[in-house]
Amino acid sequence: MDIDSLRSFLAIVDTGSFTRAAAQIHRTQSAISMQIKKLEEELGSPLFDRDKRPLTVSLAGQRLVSHARRLVASHDEALDAFIREDNTRPIRIGCPDDYAQSLLPELLEAFRQQLGKVTFDVLCASSVRLRQRLDSGDLDLAIVTRAPDSDEGWLIKHDKGVWVCGDDPTLVERRPLPLALFDKSCKFHTTALDGLGKFGIDVDLVAFTTSASTLVGLVRNQQALSAMASGSIPSDLKVLSGANLPPLPAIDIVIVAATHSHPMITPSMISSISHQFTAAQAKIA
């Protein structure tokens, strides 16, 4: 099996899209489709169910994933033994603003425990924009929230959305209900507005933003309620657990690597850190 074809296959699995995979590995969609067709002919089985949306990996494709990762990793390690790469540039990592204080410091510490005194160049943006920057080659890694039916990236944490307020919980009784939310690309934005509409609760949308500090400031100043991930809530804000508000969804937070990532970053390293985080969360639970 051709290594480049296996690399394309893994890029499709990790991104869930032929289009995003093509952007990341700098090939046309038709070229990637030809590679996948050749692999399928070699294996005698389809690797994807193209009739389903989102794109679904077939049973044969699921079997191939672990073999492909080992083969590509072994190939890259062999090349690394002969080719001296530049390991001195900063590792470019993206992170949504609400995870920048709660999750990112611990994650960077885990990487530095394995890599030593490396420098990180951190970009804060929404998950949608971070995926775009990964695809364009501007980032090596990104922390993103993935869709519930996706296998994208390596799992770091299961979390859930909660309603939060400042010192005055009676704000929840005001009508229209004052809200400050993350921007429209956030799962909590549409779920909150749709759910409140179904509950018959009129809304005064004070602001929406990608800035967690803006939301926290508005909530802290009693100007609005908000919907946030439970693991990102500052200690001085209160969770409205008993309020008559619609439920918010559970989320998976994952770390995703660009197809051509920093030379010091390997899939086995990310997998090890993922297991470290998920094991720690399991102990807490």
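**Cysteines**

Author: Let us begin with one cysteine: Cys124 is partly exposed, with a relative accessible area of 38%. Buried means under 20% relative accessible area, exposed over 50%, and partly exposed in between, with a 1.4 Å probe and protein chains only. This is a predicted model, in which local features need pLDDT of at least 70 and side-chain atom pairs count only at pLDDT 80 or more, whereas totals for chains, interfaces and linings use all residues. Residues are numbered from 1 along each chain as its sequence is written, and side-chain values use heavy atoms, with hydrogens and water left out.

Reader: How many disulfides does a search of the whole structure find?

Author: A disulfide is a pair of cysteine sulfur atoms within 2.5 Å. The search of the whole structure finds zero. Cys165 is in no disulfide either, and the nearest cysteine sulfur, that of Cys186, is 19 Å away. With 0% relative accessibility, Cys165 counts as buried.

Reader: How is a pair of aromatic rings described?

Author: Such a pair is described by the distance of the centres and the angle of the planes. Rings of Phe, Tyr and Trp (its six-membered ring) pair if their centres lie within 6.5 Å; planes under 30 degrees apart count as stacked, over 60 as edge-to-face and the rest as tilted. The structure holds three aromatic pairs. One of them, between Phe9 and Phe48, is tilted, at 5.6 Å centre to centre and 55 degrees between the planes. This pair links distant parts of the chain, since Phe9 lies in helix α1 (residues 3–15) and Phe48 in strand β1 (residues 48–49), 39 residues apart. Helices (H or I, at least four residues) and strands (E, at least two) are DSSP runs, numbered from the N terminus.

Reader: Which way do the side chains of β5 point, and are they buried or exposed?

Author: In a regular strand the side chains alternate between the two faces of the sheet. In β5, Leu141, Ile143 and Thr145 point one way, while Ala142, Val144 and Arg146 point the other way; all are buried. Strand β5 (residues 141–146) is thus mostly covered, with six of its six residues buried.

Reader: Which strands are joined to β5 by bridges?

Author: Two strands pair if DSSP finds at least two bridges between them. Strand β3 (residues 91–95) runs parallel to β5 and is joined to it by two bridges; here Gly94 has Ala142 as its bridge partner. Strand β11 (residues 250–257) runs antiparallel to β5, with six bridges between them, and Leu141 stands opposite Ala257.

Reader: Which residues have the most contacts inside the largest nonpolar core?

Author: In soluble globular proteins, nonpolar side chains tend to be buried together. A nonpolar core is a set of buried Ala, Val, Leu, Ile, Met, Phe, Trp, Tyr and Cys residues joined through side-chain atoms within 4.5 Å. The largest one has 57 residues, and Leu107, Phe111 and Trp163 have the most contacts inside it. Another core, of 21 residues, lies apart from it and includes Leu10, Ala11, Ala22 and Val72.
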